[in-house]
Amino acid sequence: MFAPLGPSTNTSFFLLTGFSGLEQQYPWLCIPFSSIYAMVLLGNCVMLHVIWTEPSLHQPMFYLLAILALTDLCMGLSTVHTVLGILWGLIQEISLDSCIAQSYFIHGLSFMESSVLLAMAFDRYIAVCNPLRYSSILTNSRIIKIGLIIIGRSFFFITPPIMRLKLFHYCHPHVLSHSFCLHQDLLRLACSDIQINSYYALMLVICTLLLDAVLILISYILILKSVLAIASQEERHKSFQTCISHICAVLVFYIPIISLTMVHRFGKHLSPIVRVLMGNIYILFPPLMNPIIYSVKTQQIRSRILRLFPLKRY
């Protein structure tokens, strides 16, 4: 068994948790997980390629979609080595420095996805409620500024609590709850004073994920009000259809986060396998589903992908 290390060992290693009790099934489990990661990487690379190479897609909505695809691609790349490493039997533990780096990217990319979804909600609000001024409001220079703000907002504010993890002493058994590293997981193992990190992380979640969710909800209330004011039934349907993909992406992102939070908060009696499974869904479900949602629901993306991969008819 992995022995707990002393409080002064900040260069220690942490044991990653896979699917406890199913170790004999890892050769079989690695097949669906490897397939999912392959689909995540392929799907988001295809999305980026299509948007990059198709001039007709060089529009604000698709620029934001490209940022979303890049975020999802990076999320997959940041966790693939530990999740598949466990299932393939290549690794069982991770160093503190690597763990801190991974948690930085996971949390930063989660905040980044939330920020992109908020920017896309603003894009849909302008497109539906103020279509005549759409091109003058969302110019290329404004999209670049929005992108820089998203990156800064996502990674700047999480730097202090993540950096402080390096200063803590970890005297509890070095066993993580997931097959990847999270800030709250490392706090649980620390023996130092973690109050600053705990309160800072809580405020960060409230000011990013929760605030973004509220603003997205408000934007759709305004969009719905505007759509219902349209006299033509056909125009109503057309206006609302432009928002379906984004609504699905929002649900795909927020439902796993809420579910994982509920499991950690109220599911102490649940099997560890449930927590590990929910953690993997939180990491993998949005990057897997977003390319599918937008390729199915967005006609411009779908037609370009069909040209990229033509189906032979016999």
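Predicted model: local features only at pLDDT ≥ 70, side-chain atom pairs only at ≥ 80, totals over all residues.
Figure 1. The elements in the protein amount to 11 helices and two strands.

**Figure 2. Packing of helix α2 against helix α3.** Helix α2, which spans residues 60–87, and helix α3, which spans residues 96–129, pack with their axes 9 Å apart and at an angle of about 160°. Because that angle lies over 145 degrees, α2 is described as roughly antiparallel to α3. The crossing in which α2 passes α3 is left-handed.

**Figure 3. Residues in the contact of α2 with α3.** For the pair of helices whose axes lie 9 Å apart, the residues that form the contact of α2 with α3 divide into 16 nonpolar, seven polar and four charged.

**Figure 4. Overall dimensions of the protein.** Taken along the principal axes, the box filled by the C-alpha atoms of the protein is roughly 70 × 55 × 35 Å. The radius of gyration of the protein is 21 Å, which agrees with the value near 20 Å that a compact globule would have with 314 residues.

**Figure 5. Burial and contacts in the protein.** Of the 314 residues in the protein, 45% are buried, where buried means under 20% relative accessible area. When contacts between residues at least 6 apart in sequence are considered, 77% of them join residues that are at least 24 apart.

Definitions and conventions: Residues numbered from 1 in each chain as written. Heavy atoms only, no water. Axes fitted to C-alpha atoms, helices over the stretch in contact; angles between N-to-C directions. Helix = DSSP H or I, 4+ residues; strand = E, 2+ residues; numbered from the N terminus. Parallel < 35°, antiparallel > 145°, perpendicular 65-115°, else oblique. Left-handed = near helix turned anticlockwise from the far one by under 90°. Nonpolar A, V, L, I, M, F, W, Y, C, P; charged D, E, K, R; others polar. Rg over C-alpha atoms; globule rule 2.2 N^0.38 Å. Buried < 20%, exposed > 50% of the residue type's maximum accessible area, 1.4 Å probe, protein only. Contact = heavy atoms within 4.5 Å.
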